[in-house]
Amino acid sequence: MAIYNLRGIVFRAVDYGETSKILTVFTREEGIISVMARGVKNPKSKKQNLVSVFTEANFELTKLKDFYYIKDGEIIKDNLHLRNNIIKIYITQIFFDIIERTMFKNEKNEIIYDLLIKSIHYLNLSNKYITILNMFLIKIISILGYKPVLFNCVACRKKKFKEIFFSESRGGILCEDHQNHDCIRLDFLEYEYLCSILVQIYEKIDIIDNKVDEKKFLKILINFIRYNTEISVPNSYKTLSKLIGIS
């Protein structure tokens, strides 16, 4: 039987029978896959940590029909830091939910995989949790083909504005002459923030001015993703909204 060596991160682990689990794993090589982990609930199993949610590992798998089976593996990062902060837990779950709802099963996307791993890494290093989440959201929707137009008016392509508006239906910025019914008005500091989270990399997160109301942009970006992909609101976002006070 062929052996598959895949790098992946565990999204979900569901009990199966008395001793096994079925995992949802997002892999760099094969996208989202289902994995059977036989016997991992046995107290003597050496694979218990390997199948924990949030764990990134190199998995050694076999395959039968639509299911992979764990043969062995080596943990790359257990991401235990996520489990110590409820805000981090739900932010990471939003990462997972957006990916799972906008990608097909077995759809390979190394760019999104790398974005996810880097987002989780910086979630550990920085206390700018909502900045990281907003960066992830605007970058993933751009990768998926719905990059918002921010540097000129969508309608007239004007690059200098007296007033600035964001329109999810038009796909970006509108000037004062072309605002419509679904526009959200931005001041210039807010506009600079929106541009920064799009173009900046995580390594330069400290130069992003987060003195704006970041929760406003979290709501804007979730709605923008929903508008373009037609996904439902993830429960993880609903719970995070209650925790941080988004109406």
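Which exposed residues does the face of α6 turned away from its buried side carry?

**Overview. Secondary structure and overall dimensions of the predicted model.** The structure is a predicted model, in which local features need pLDDT of at least 70, side-chain atom pairs count only at pLDDT 80 or more, and totals for chains, interfaces and linings use all residues. Residues are numbered from 1 along each chain as its sequence is written, and side-chain values use heavy atoms, with hydrogens and water left out. The protein comprises six helices and eight strands, where helices (H or I, at least four residues) and strands (E, at least two) are DSSP runs numbered from the N terminus. Their order along the sequence is β-β-β-β-β-α-α-α-β-β-β-α-α-α. The C-alpha trace spans about 65 × 35 × 30 Å along its principal axes. Of the 247 residues, 48% count as buried; buried means under 20% relative accessible area, exposed over 50%, and partly exposed in between (1.4 Å probe, protein chains only). Contact means heavy atoms within 4.5 Å. Among contacts between residues at least 6 apart in sequence, 57% join residues at least 24 apart.

View 1. Over residues 1–77 the chain is 62% strand and 0% helix. The end C-alpha atoms of this segment are 28 Å apart.

**View 2. Helix α6 (residues 235–244) and its two faces.** The buried residues of α6 are S236, Y237, L240, S241 and I244. Seen down the helix axis, these residues fall within an arc of 135°, so they line one face of the helix; the arc is that of the directions from the helix axis to the C-beta atoms. The buried residues pack against α1 (86–102), α3 and α5 (214–229). On the face turned away from the buried side, the exposed residues are N235 and K242. Just after α6, G245 adopts a positive phi of about 85°.

**View 3. The pairing of helices α2 (residues 110–125) and α3 (residues 129–146).** The two axes come within 10 Å and cross at roughly 175°. Axes are lines fitted to C-alpha atoms, for helices over the stretch in contact, and angles run from 0 to 180 degrees between N-to-C directions. Helices α2 and α3 are therefore roughly antiparallel to each other (angles under 35 degrees count as roughly parallel, over 145 as roughly antiparallel, 65 to 115 as roughly perpendicular and the rest as oblique). From α2 the contact involves I111, I112, L115, L116, S119, Y122 and L123, and from α3 Y129, I132, F136, K139, I140, I143 and L144. By class, the contact has twelve nonpolar, one polar and one charged residues; Ala, Val, Leu, Ile, Met, Phe, Trp, Tyr, Cys and Pro count as nonpolar, Asp, Glu, Lys and Arg as charged, and the others, Gly among them, as polar.

View 4. K88 counts as buried, at 8% relative accessibility. Not counting residues up to four places away in sequence, K88 touches H81, L82, L123, N124 and Y129. K88 and Y69 are 19 residues apart in sequence and 30 Å apart in space, C-alpha to C-alpha.

**View 5. E163 in the loop between α3 and β6 (164–167).** E163 counts as partly exposed, at 26% relative accessibility. Leaving aside neighbours within four places in sequence, E163 contacts L174, C175, E176 and R185. The C-alpha atoms of E163 and L186 are 7.7 Å apart in space, with the two residues 23 apart in sequence.
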